[in-house]
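Reader: I am new to this structure and would like to learn how to read it. Could you take me through a few features, one at a time?

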Amino acid sequence: MNWLILIVVFAVVLAVSFAVLNFYLVKKLKEGNERMQEIAGAIREGASAFIRYEYKIVAIIGSCIAVVLGLVIAWETGVAFVIGAVMSALAGLVGMKIATYANVRVANMANETRNTGKTLKVAFRGGSVMGLCVAGFALLGIIIVYLIFGVGMGMLNVTSASTVTTKVNFITKQPYSLSLILSGYALGCSVIAMFSRVGGGIYTKAADMGADLVGKTEAHIPEDDPRNPATIADNVGDNVGDVAGLGADLLESYVGSILSCAILAIELFTHSAKFSSTSLYSKMVLFPILFAGIGLISCVLGIAFPLIKRKLSDNPHTELNLATWISAGLAIIFGFLLCFFFFRGEAKEQIAEAGFKAGYLSPWISAAVGIVCGIVIGIISEYYTSYDFKPTKKIAKASQEGPALTITQGMATGMISCMLPVICLGAAIFGCYLIGGMFGVGCGAMGMLCFVATTVSVDSYGPISDNAGGIAEMSGLDKEVRDITDKLDSVGNTTAAIGKGFAIGSAALATISMMSSYLYSFQTDLLLNIITHTVLVGAIVGTALPFLFSGMLINSVAKAARSMVGEVRRQFKEIPGLLEGTTRPDYKRCITISSQGALKEMIVPAMVALLFPVISGLLFGPQFVGGVLIGSTLSAIMLAIFTGNAGGAWDNAKKFIEAGGVLGAGKGTPTHDAAVVGDTVGDPLKDTVGPSLDILIKIMSTVSLVCVAVFANFNLLGWL
């Protein structure tokens with residue numbers, strides 16, 4: 001059956017080749033005039049410097065984690081961790097590089113053609129490099145781990161019914177199987193994602209808030225005005241936070257959804273007395289990887305459609321949605337064919353043993369439910385964040401009464417927006433479980449992100465367009481050019497909110513699937529009694545953890561933003577002729593402030609996510625940690641939806657006013673100032689807190705699964 005892995009190899013080669021082609025085609029385009037090239041060069045230099053320093057810090061921390069995993073868990077787990085970290089870092093690096101090349105070319109295309117469709121094609125081509133690399137590198141790493149440890153070292157071999165190949169750690173003497181090695185790969189991706197999202201999020205929002213609060217509301221100069229010292233830092237932040245951070249984040253979600261399904265198959269086979277089919281076991285472990293491969297092929301076709309189309313319309317939203325719909329539709333069709341030919345030969349009795357209530361098509365139906373759920377959550381997010389609909393328009397109109405009502409209305413919108421996605425998510429979990437048991441829930445998570453390459457491509461196009469607008473403004477290009485980039489950026493805000501909906505939805509499903517594997521690791525059934533004191537206290541503490549984590553992130557952004565605000569005010573006050581435009585500001589000083597603030601502040605929140613389940617387990621045991629995982633998952637889902645949608649709505653309410661949506665209220669008016677304040681409040685919520693919460697719950701469930709073999713046998717409460 002291993003020859004089927006050639007499907008995934010083909011998908012990886014196809015995706016990476018297409019990414020290389022698009023990288024070349026973007027870089028081949030003209031950069032524009034000398035001033036545009038100078039600004040783009042400064043952004044590129046700042047982004048590269050930050051990524052370099054960030055990765056140095058992460059490499060040190062990651063090396064320590066890999067050594068500990070290798071000694072305490074298994075050396076194979078440590079190696080898999082390193083492979084996962086490298087793949088995640090590579091995706092973020094390539095995505096950041098293409099974004100810093102594409103931004104100025106998008107601005108120049110808008111300047112030369114004054115055509116929205118042609119400009120959109122350049123921005124989307126740049127974003128597609130990030131999307132294709134995210135899925136391609138993620139699957140490449142999974143194949144490497146699968147072939148080396150699963151096939152090469154024989155850890156996929158089954159010696160007898162319900163018995164998988166295991167080894168014993170030479171220090172702790174605890175047995176381990178392939179599931180812990182796959183978990184190590186997922187953990188490597190998660191650690192890079194956490195630092196990239198937190199560090200990049202703090203950087204970009206500190207710069208953005210400093211630029212907005214002083215430049216727009218105090219000095220009343222336009223966004224991205226060259227007189228504002230924080231503008232270059234703000235544009236650098238778009239690349240390190242909204243592109244590199246986003247790529248690492250969704251790569252981690254993608255890997256988590258695939259491997260949670262494969263890991264659960266291993267644990268189900270190992271712990272279920274009824275599960276006796278070795279053939280079905282091998283297929284269930286391989287199926288999520290194969291499904292991801294055919295999903296990636298679907299994405300290549302979906303992404304290619306708008307790029308090869310001769311003329312794109314002036315409606316970016318329609319074109320981007322079309323790419324997403326094609327990718328999702330083809331994934332469903334190809335997934336059906338895969339499931340039909342893959343599981344059809346298994347006996348009905350063995351299919352029933354695996355918990356497949358709808359026969360051999362159960363995995364495909366569950367994955368299709370996940371795909372539909374992801375699309376519905378995206379549509380709901382679009383409704384609450386796009387200024388084409390009432391909720392965001394109401395926030396814009398509330399700005400006429402001042403910033404207090406802007407913030408109040410935005411908070412209400414964010415809170416109300418939680419209900420429908422959660423109902424949709426609950427229905428998906430319920431449906432997937434009825435169809436395929438816990439393995440079906442894992443397939444639902446996998447389905448939700450099987451077309452992640454297209455989702456990330458659409459997401460990444462937004463920051464590229466935002467950067468293009470900044471370059472156009474600072475270069476003094478015509479207002480018509482900025483109108484085109486603003487139109488693309490506005491759609492980008494909505495697509496980003498949709499992408500965050502996919503990320504948190506898949507995180508919830510993948511975490512539930514991973515939690516099942518966690519429970520199997522120290523007991524023979526899936527029961528976790530919530531009314532026992534250990535589990536209940538763990539759940540209460542776990543519910544508070546995302547709030548603690550979110551508060552730490554907001555504090556970090558606020559601290560870095562205060563330094564930025566002070567620096568911008570100082571330069572306006574002390575540099576003669578700056579506001580008159582006769583002198584240039586000190587851009588490098590603002591870049592340094594954002595970099596130092598982000599690198600310093602990112603470590604503690606990220607380490608909390610990593611260490612909390614480990615310390616809790618060593619003190620109170622696996623039942624307590626199980627409660628922590630339940631509580632943190634439930635509260636993180638709500639917080640992530642609230643922060644993502646509220647922040648996106650505040651941002652687009654401001655853009656609605658700037659586009660003339662509120663009569664008599666344009667840039668520089670008190671109404672616009674109030675909307676800018678709302679946007680500033682929402683910045684750390686939508687771009688730092690929200691995206692980091694889905695990583696939080698996955699990294700905690702993965703760390704818990706990896707370390708449960710240790711703290712299930714060695715914990716203080718058990719000793720007492």
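This is a predicted model: local features need pLDDT of at least 70, side-chain atom pairs count only at pLDDT 80 or more; totals for chains, interfaces and linings use all residues.

Author: Gladly, and we can begin with accessibility. A residue is called buried when its relative accessible area is under 20%, exposed when it is over 50%, and partly exposed in between (1.4 Å probe, protein chains only). Residues are numbered from 1 along each chain as its sequence is written, and side-chain values use heavy atoms, with hydrogens and water left out.

Reader: Thanks! Which residue does Asp478 meet in a salt bridge?

Author: First, the general idea. Side chains of opposite charge can pair when their charged atoms come close. A salt bridge here is a side-chain nitrogen of Lys or Arg within 4 Å of a carboxyl oxygen of Asp or Glu. Asp478 has such a bridge with Arg114, at 3.0 Å from N to O. This pair links distant parts of the chain, 364 residues apart: Arg114 sits in the loop between helix H3 (75-113) and helix H4 (116-152), and Asp478 in the loop between helix H14 (452-474) and helix H15 (479-522). Helices are DSSP runs (H or I, at least four residues), numbered from the N terminus.

Reader: What else forms a salt bridge with Arg114?

Author: Glu480 does, with the closest N and O atoms 3.3 Å apart. Glu480 lies in helix H15 and Arg114 in the loop between H3 and H4, so this pair ties together parts 366 residues apart in sequence. Arg114 is partly exposed at 29% relative accessibility, and Glu480 is partly exposed at 40%.

Reader: How far apart in helix H2 are Glu38 and Arg35?

Author: They are three residues apart in helix H2 (residues 34-72), which means a separation of about one helical turn. Glu38 is partly exposed at 41%, whereas Arg35 counts as buried at 19%.

Reader: How many salt bridges does the structure hold?

Author: There are 23. Some residues are linked in a network of salt bridges, among them Lys205, Asp651, Lys654 and Asp687.

Reader: Lys654 makes me curious about contacts. Which residues does His672 touch?

Author: Contact means heavy atoms within 4.5 Å. Leaving aside residues up to four places away in sequence, His672 touches Lys654, Ile657, Glu658, Gly666 and Lys667. His672 is found in helix H20 (residues 670-711) and is buried, with a relative accessible area of 4%.

Reader: How do I read two helices together? At what angle do H16 and H18 cross?

Author: Axes are lines fitted to C-alpha atoms, for helices over the stretch in contact, and angles run from 0 to 180 degrees between N-to-C directions. The axes of helix H16 (residues 533-574) and helix H18 (residues 603-620) come within 11 Å and cross at roughly 165°. Angles under 35 degrees count as roughly parallel, over 145 as roughly antiparallel, 65 to 115 as roughly perpendicular and the rest as oblique. H16 and H18 are therefore roughly antiparallel.

Reader: Which residues in H16 and H18 meet?

Author: Among them are Leu545 and Phe549 in H16, and Val608 and Phe612 in H18.
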